[in-house]
Amino acid sequence: MHHRNQSWAFLCAFIFSSTFSLAQDKSPVKFGKITPADFDLSRYSYDSSATAVVVADIGNSRFEGNTKGWFSLVFKRSRRVKVLSKKGFDAGTVMIPLYSDGTSEEKLDNLKAVTYNLENGNVTEAKLDEKSIFTDKFNKNIIVKKFSMPNLKEGSIIEYSYVLHSDFLFNLQPWTFQGEYPCLWSEYEVTIPEFFSYVFLGQGFQPYLVNSSNTSYVSYTVRSPGGAFSDDVSTITGSAVTRRWVMKDIPAIKEESFTTTTDNYVSKVEFQLSQYRFPNYSEDIMQNWPKASEHLMKDEYFGADIASNNGWLDNDLNNVIKGATSKLEKATKIYEWVHNTFTCSGSNSRKMDNTLKIVFKNKGGNEAAINLLLTAMLNHEEIHADPVLLSTRKNGYTHEIYPLLDRFNYVICSVNIDSKTYYLDASQPKLPFGTIGEECYNGHARIISKENPVPVYFFADSLKERKITTILIVNDEKGGSLSGSFTSQLGNVESYELREKISKKTEQEYFKDIKPYTSDFVITNSGIDSLNQLDVPATVHYDFNYKLPVDDEIIYLNPMLTEGYKENPFKSTDRKYPVEMPYTMDETYVFNMEIPNGYAVEELPKSARVSLNGTEGSFEYLIQKDESNIQMRTRLKLNKATFEPGDYSTLRDFFAFIVQKQAEQIVLKKKK
Amino acid sequence: MKKHSFFFLMIIPAFGLGQSFSVSGIPDTLTKGANAVVRIHEVIFEIKSPGKAVEHEHFAYTILNEDADFLAKYDSYYGSFISINYAYGTLYDAMGKQVKKIKLRDMGDFSVNDGFSLMNSERVKRYDFYNRIYPYTVDYEEEDEINGLMDIGEWMPRSMYNASVVSSRFVVIAPRDYKVRYKPVNCSIEPIVTEEKDKRIYTWEAKNLPAQKKEPMAPPLEETMPYVIIAPSDFEVQGYKGNMNSWENYGRFMYQLVHGRDLLPDNTRKKVHEITDTISDRRRKVLALYRFLQATTHYVGIQLGIGGWQPFDATYVATKNYGDCKALSNYMIALLKEAGINGKYVEIRAGKDELKMVEDFPSFQSNHVTCAVPMDKDTIWLECTDQAKAAGYAGSFTGNRKGVVIDETGGHIVKTPVYTAKDNLQCRHITGRVSDDGNLDFMVKSTYHAEKQDELSLSINELSRDKVMERLKTELNLPTYDVTKFNYQEEKDGIPIIDETLEINAPRYAQVSGKRLFISPNIMTRSTQHLNLDSGRKADIELHDDYTEKDTVDLVVPSGYQPEAIPAEASLDTKFGKYFASYKVSPEKIEFIRFREQHAGRFSASAYGDMSSYFEKIYRADRGKIVLVRKE
């Protein structure tokens, strides 16, 4: 018997883990048999504030020979949930998605669902009736079976089980151990015959109670329809590996701010079909990046046409690049033309929604379509460009070793000019040449090319957001008021966001909404520089007039005016997952004020300087005065965008200090 | 000739009439202040019989900028009563040149997720050209077959802000002997009525209406813009016949759908008697049964076909213990009936700040069903979809509006309870201590009455304690803080009250600048209302909420300080409301008192400046700071 290395590894793991005592690794639940004692969960420990608790969730996937000459997947699941309070009634609404490719669809069988209640010491049953199961065609690939458990009460136990038959071998059901409710026992068993190999992907912070594997001999009967004759029946035997994972006492997943997606942290296992391995026939389905890349470059909805001659582009491109001499100039012109002419339909996808020619004809498509067209146009002009496949931050991390294409949802373009690499995204109207959006800064991404599909990395830590704000205030000639000017040069991300915002409102409205100014603070001459010149940061500026409360003996003035942090961005005191901010920052604020006529400085805030974990960040607040002026400067630097949960409280304290410091006031006293 | 023009109207789409969608044809008066121009909006609604109609809708919008892109999206609902015969969409560029044309099969097809139903039978066709080269024009045309005529529609030529209208038409074609009912609202526009053989044609039309600017706090369009509501007289839905000429008739139809669906299984009937037989007081019987309903059932929305109007029967709810608003209200009435009490099925337009119903025009206007129990002197309102609501309390969900009672006598209008500024009371008392490094430790005891507790009640009744804590720890308006303890107590006899106690630590709450300490004594109740000054205000101003807020704050301050600056007392008594804030500062402590009484109401545009200044004064007073100086 020939084994792959991986199978050996499983076997070893099994031998090792079989020394485990078996007593504690069996599910504590017998489905379909509920006794009054089962309603008492007091012997278990789980979050006492939970609204429902999953007592057991047990799944099993295996293969069987089908009547179409091939194999099917059989997934069985049984789940018991105890509803603790009315707030947990949502646990009684169940939705089971089924995949359909238009001709064949997954089948749901043997659905049984029962609600158990304890009434006067007796267990009562309410069964779900067939009529209360609804089928909703969600879209062309997904059908959802839904039902709501009958007779649901506080304290009810609900149990349901079903079998899902699937002809889609790529859809070996994943298993999520951790969910909305705490779970006492979650178990998944998968038996895979040697003819199929899958890559197993596990993630999460929760430990396994059992993680075992076991090899057995199996035999499958496969029937092929024989047309007018009898079916062709064959029996295939071989070894199969059964893997079993168990987790116990799993806490519910928690949403936190500054998290790209909890999908990155939830405990789960997933599978990717990688190979058919029959004695006389084998085929790599998914193996390595060079192969995946080669495949993508043949796909007409991805790379098939991006390196071709594409003569149909000749005329348009000639016009577009007219007058450009250098490669960089040409690339810029092509980028701008695609950027301005094509409209993005914005459905994140790793593939084009049409073929290249149709995208060109429609003057629009999804992000992938626009950026692949851009790639094709650059190549047409002999400027070397490749597509880059990535996953946006909200979509979760991608895998560096395995080409798990399902995890990618976005395509940008990489172009090499004079040994410098530029990353382009022509799908977002307000992005300049050479810049990609913050959503793309999600770690590993992959250049797709026939020759060299190498990884590239976009880390939020490398995205620097630099902002400089300057305020200058002088006395008005006639006295009683101050005149000032405000200038703020925004960072790239903020400039982008501002441009997006202004495109949806007028500039005038933007200034109206900017801050709730009071009537003693009047803004004039407001404007935004470089609003349409995307390659330089936008600058917001205005003049203002501040009417002094001249009757007051003492005037208090916060030199931050409308700027600065009014509230700590890190609200919660505790943290489970890493803090993932979109970028690192460097914010400088400069304040220069002529001391108001008739007043003298009574007191200034104290200068201060603090640092965050040594070199990870710093904040300084420097203030001084001379005869006639007050000068102040603050600078906040965060050199990292991602912080581990252990660093959270330090980060929170750091911002608490900033918030307080930036709220401090200058005290001015009337001269005698 | 006449016959000709009729067919002409029906078959040939607008661009066939020689209309060009070139943008240059739009007069300046219609592009001013507009994000979009409605080039044409035409509905031709032909009633074939009381149960059948064909609706032809055609509209073309010129989108001038990104703000109006949403209008270019197509959404067409269909399902049990509506099937789509055909639909087209065409995209034109600024010159009026056709760029793209699509058909029904090019549109996406989705099930409708209304956000609260487990299942409904409605589906939607969706399309978006995703064009971003401005200006552009989208032109959509659709014909629907309608089976079941509950509704005809509304002709509201200016149904959006910042959009002008070149032409808007609504045509109803009906058999000569069929009565088409309509009512002009905010206007007195009458249709042009013509006759063609055995048909009568009603046409409403408007042309060249300039765009109207959207202004903050304006009343809803339905209360200011001219429009016409159009409804059937005789109608038929899935074999059920009805007539809407009066609320009585409307009610009779609805009663057909409800009637006889109140049979309870024996064990439930037994349960009703167990609960009520020992109680003599009728009111207490009602409350006990409502508590039973709340304890044993919950909301699951299932809207399939006629089930959009007809409740699942009482036995269904009794065995499944769930249902939608109709089914649960019907079940509640069945429980009451078993106890010899008459409960009423009431259709209503529910939701905070929902549009008022048009009382004198019987038509299908509700989105919800609730239950009312008439008593000798008053009425007990029972919201059957809410497991936590106080019996008799309608709140902002169904309060202060009209509903339609459906019973054996037909339908009639009833009024739901009104909650005044006195009822919607929030009282807050804070005791705390400020240390010389600016740290603030405090305890806050708040009581929220009536509508002031509506949102909080949902949150504490629907979220786990853990989630409530998470919210408290992240959603309070303080610079940096931590909630160390919290407690809620609900009183549900009569108008509901929630008592809340929080213990909070707010490090660096007060600012230390050298020898000075700056403290804002109004820690928790700060108004964020703000109206930007605007000289050209056109629309009336509408304030939605009636409420009273009372605050007292006692803060112990570190010793060795003396007050340097204390904000002036604020006292406002305006037609918009009353406000008062005052401070008492001694070397040991700060006392702060705040009072605000706010009334809902409609004010003319000329009051805008005064209102803006009223809000600003409150905004400032709420943020007043006391300055203490360390004694040398």
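Student: Let me start with one pair of residues. Which residue in β29(B) stands opposite Lys485(B)?

Tutor: Glu503(B) stands opposite Lys485(B) in β29(B). Keep in mind as we go that this is a predicted model.

Student: How should I read such a pairing in general?

Tutor: Strands of a sheet pair through backbone hydrogen bonds, and the pairing can be parallel or antiparallel. Here, strand β28 (residues 482-491) of chain B is joined to β29(B) by 9 bridges, and the two run antiparallel.

Student: How many residues lie between β28(B) and β29(B) in their hairpin?

Tutor: There are 5 residues between them, and Gly494(B) in the turn has a positive phi of about 75 degrees.

Student: Which other strand of chain B pairs with strand β29 (residues 497-506)?

Tutor: Strand β27 (residues 440-449) of chain B does, in the antiparallel sense and over 10 bridges. To find your place in that pairing, look for Phe442(B), which has Ile504(B) opposite it in β29(B).

Student: Now for a whole sheet. What is the strand order of the open sheet of 8 strands in chain A?

Tutor: The order is β25-β26-β24-β23-β29-β33-β32-β31, and the pairing is mixed. At the edges are β25 (521-529) and β31 (608-612) of chain A, each of which pairs on one side only. From one strand to the next, the twist averages 10 degrees.

Student: Are β23 and β29 of chain A parallel or antiparallel?

Tutor: Parallel: strand β23 (residues 464-475) and strand β29 (residues 584-594) of chain A are joined by 10 bridges. One bridge to look at links Leu472(A) with its partner Asn592(A) in β29(A).

Student: Which strands of chain A does α9(A) lie across?

Tutor: It lies across β31, β32 (617-625) and β33 (629-638) of chain A, and α9(A) runs at about 160 degrees to β31(A).

Student: How do I read a pair of helices?

Tutor: Look at the approach of the axes, the angle and the residues in between. In chain A, the axes of helix α4 (residues 327-341) and helix α6 (residues 367-380) come within 10 Å and cross at roughly 150 degrees. Angles over 145 degrees count as roughly antiparallel, so α4(A) and α6(A) are roughly antiparallel to each other. Their crossing is right-handed.

Student: Which residues make that contact?

Tutor: From α4(A) come Ala331(A), Ile334(A), Tyr335(A) and Val338(A), while α6(A) brings Ile370(A), Leu373(A), Leu374(A), Met377(A) and Leu378(A). By class they are 9 nonpolar, with no polar and no charged residues.

Student: How do I describe where two chains meet?

Tutor: The size of an interface is often given as the accessible area lost when the parts come together. For this model we can count residues instead: the contact takes 49 residues from chain A and 48 residues from chain B. Elements of chain A that each supply at least two residues to its side include β7 (142-148), α7 (492-504) and α9 (648-661). By class, the chain A side has 16 nonpolar, 18 polar and 15 charged residues.

Student: And the domains?

Tutor: Chain A is divided into domain 1 (71-166), domain 2 (289-457) and domain 3 (464-670), and 54 Å separate the centres of its domains 1 and 3. Chain B has domain 1 (2-237), domain 2 (246-415) and domain 3 (425-630).

Student: How many residues of domain 1 of chain B are in contact with domain 3 of chain B?

Tutor: The count is 7 residues of domain 1, which meet 8 residues of domain 3. The domain 1 side has 4 nonpolar, 1 polar and 2 charged residues. The centres of these two domains of chain B are separated by 47 Å.

Note on methods: Residues are numbered from 1 along each chain as its sequence is written. Chains are lettered from A and ligands numbered from 1 in the order in which they are written. This is a predicted model: local features need pLDDT of at least 70, side-chain atom pairs count only at pLDDT 80 or more; totals for chains, interfaces and linings use all residues. Domain bounds come from an automatic or database domain assignment. Two residues are in contact if their C-beta atoms, placed from the backbone, lie within 7 Å. Ala, Val, Leu, Ile, Met, Phe, Trp, Tyr, Cys and Pro count as nonpolar, Asp, Glu, Lys and Arg as charged, and the others, Gly among them, as polar. Helices (H or I, at least four residues) and strands (E, at least two) are DSSP runs, numbered from the N terminus. Two strands pair if DSSP finds at least two bridges between them. Axes are lines fitted to C-alpha atoms, for helices over the stretch in contact, and angles run from 0 to 180 degrees between N-to-C directions. Angles under 35 degrees count as roughly parallel, over 145 as roughly antiparallel, 65 to 115 as roughly perpendicular and the rest as oblique. A crossing is left-handed if the near helix is turned anticlockwise from the far one by less than a right angle, and right-handed if clockwise.
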